[in-house]
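This report looks at salt bridges, helices and surface patches in one protein structure. Please keep the sequence and the model in view while reading.

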Amino acid sequence: MTEETAEKVANTLIGVAAVGVAYYVLRTPPLRRMAWRLAVTALTATAPTWLGGEVRRAWAESGRGPI
């Protein structure tokens, strides 16, 4: 088996496993609720940080002094 073929097989297996896990989580109500809460937490925690960084970067690129 060549390295390229091995990578294709590994990527396919990882993809199938990810789909299987997603299906299992979506079919199990407690896991679905936990996944939803984790997604909401991730979005509410990272979005303000990302937005603040973009604002600082835009301010610095505008040529004005520090905030």
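Lys8 is exposed, and so is Glu4, where exposed means over 50% relative accessible area, buried under 20% and partly exposed in between, with a 1.4 Å probe and protein chains only. These two residues form a salt bridge in which the closest N and O atoms are 3.5 Å apart, a salt bridge being a side-chain nitrogen of Lys or Arg within 4 Å of a carboxyl oxygen of Asp or Glu. Because Lys8 and Glu4 are 4 residues apart in helix H1, about one helical turn separates them. An α-helix has 3.6 residues a turn, so residues three or four places apart point the same way.

The model is a predicted one, in which local features need pLDDT of at least 70 and side-chain atom pairs count only at pLDDT 80 or more, while totals for chains, interfaces and linings use all residues. Residues are numbered from 1 along each chain as its sequence is written, and side-chain values use heavy atoms, with hydrogens and water left out.

Helix H2 covers residues 29-61, and its 33 residues reach 47 Å from the first C-alpha to the last, close to the 48 Å expected at 1.5 Å a residue; the expected span is 1.5 Å times one less than the number of residues. Helices are DSSP runs (H or I, at least four residues), numbered from the N terminus. After H2 comes Gly63, with a positive phi near 90°.

A search of the whole structure finds 2 salt bridges, and one of them joins the side chains of Glu54 and Arg57 at 2.7 Å, N to O. Both residues lie in helix H2, 3 residues apart, about one turn of the helix. Glu54 counts as partly exposed at 31% relative accessibility, and Arg57 is partly exposed as well, at 44%.

## Surface patches

Arg27, Arg32, Arg33 and Arg37 gather in a surface patch of positive charge, to which H2 gives the most, with 3 residues. Patch residues have over 30% relative accessible area and no salt bridge, with like charges joined within 9 Å and nonpolar side chains (Val, Leu, Ile, Met, Phe, Trp, Tyr) within 5 Å. Arg33, placed in helix H2, is partly exposed, with a relative accessible area of 45%.

Met1, Val9 and Leu13 make a nonpolar surface patch of about 360 Å², an area that comes from the Shrake-Rupley method with a 1.4 Å probe. Val9 is found in helix H1, residues 3-27, and counts as partly exposed at 39% relative accessibility.

Note on methods
Helix = DSSP H or I, 4+ residues; strand = E, 2+ residues; numbered from the N terminus. Lys, Arg positive; Asp, Glu negative; His and termini not counted. Charge placed at Lys NZ, Arg CZ, Asp CG, Glu CD.
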